[in-house]
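These notebook entries set down what I looked up in one structure, in the order in which I looked.

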Amino acid sequence: QLREKLAEIETEVTRQREAKRGSSKNEAQDKSLNLLRARADLQNAIESENYALAAELRDTISKLEGDSLALSAKALAYQSVKYEFRLGQKVRHKVHG
């Protein structure tokens with residue numbers, strides 16, 4: 001029964017880790033799409049010579065670029081996580097036994 005419970009827990013931990021990584025990846029993609037839209041709007045504002053709007057969009061783009069970079073780094077961090085031991089696994093300490 002304990003082994004079955006341990007397997008259930010490991011499955012749930014894996015599922016939650018995948019969901020967390022997926023959400024970061026989706027957030028990063030959403031930020032990238034918003035960034036593309038803002039750049040297109042910026043181009044339209046410049047072409048119509050609406051420089052006040054262009055300045056606001058430039059600031060928005062700068063903020064979105066920073067957010068997108070942070071979310072991409074977060075998504076990559078979750079992908080590269082590897083664990084040495086399983087939850088509940090018995091181990092013997094190298095120094096202290």
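**Entry 1: terms and source.** I began with accessibility: buried means under 20% relative accessible area, exposed means over 50%, and partly exposed lies in between (1.4 Å probe, protein chains only). I note that this is a predicted model, in which local features need pLDDT of at least 70 and side-chain atom pairs count only at pLDDT 80 or more, while totals for chains, interfaces and linings use all residues. Residues are numbered from 1 along each chain as its sequence is written, and side-chain values use heavy atoms, with hydrogens and water left out.

**Entry 2: the chain.** I counted two helices and zero strands in the protein chain; helices (H or I, at least four residues) and strands (E, at least two) are DSSP runs, numbered from the N terminus. Of the 97 residues, 14% are buried. I took contact to mean heavy atoms within 4.5 Å. Among contacts between residues at least 6 apart in sequence, 70% join residues at least 24 apart.

**Entry 3: the loop.** I found glutamate 49 in the loop between α1 (2-47) and α2 (51-79). Glutamate 49 counts as exposed because its relative accessibility is 58%. Its phi is positive, about 60°, although it is not a glycine. Most residues other than glycine have a negative phi.

Entry 4: I looked up alanine 55, which is in helix α2. Its relative accessible area is 26%, so alanine 55 is partly exposed. Its C-alpha atom is 9.3 Å from that of alanine 45, 10 residues apart along the chain. Serine 62 is also placed in helix α2, and it counts as partly exposed because its relative accessibility is 46%. Between serine 62 and leucine 35, 27 residues apart in sequence, I read a C-alpha to C-alpha distance of 9.0 Å.

**Entry 5: the core.** Which residues form the largest nonpolar core? I listed eight: Leu35, Ala38, Leu42, Ala45, Ala54, Leu57, Ile61 and Leu64. The elements that give two or more residues to this core are α1 and α2. Such a core is a set of buried Ala, Val, Leu, Ile, Met, Phe, Trp, Tyr and Cys residues joined through side-chain atoms within 4.5 Å. Leaving aside neighbours within four places in sequence, leucine 42 is in contact with Ala54, Leu57, Arg58 and Ile61.

**Entry 6: the record.** In UniProt I found residues 38-65 listed for "domain: UVR" (unreviewed entry); such annotations may be inferred rather than shown by experiment. Over residues 38-65 the chain is 89% helix and 0% strand, and the end C-alpha atoms are 11 Å apart.
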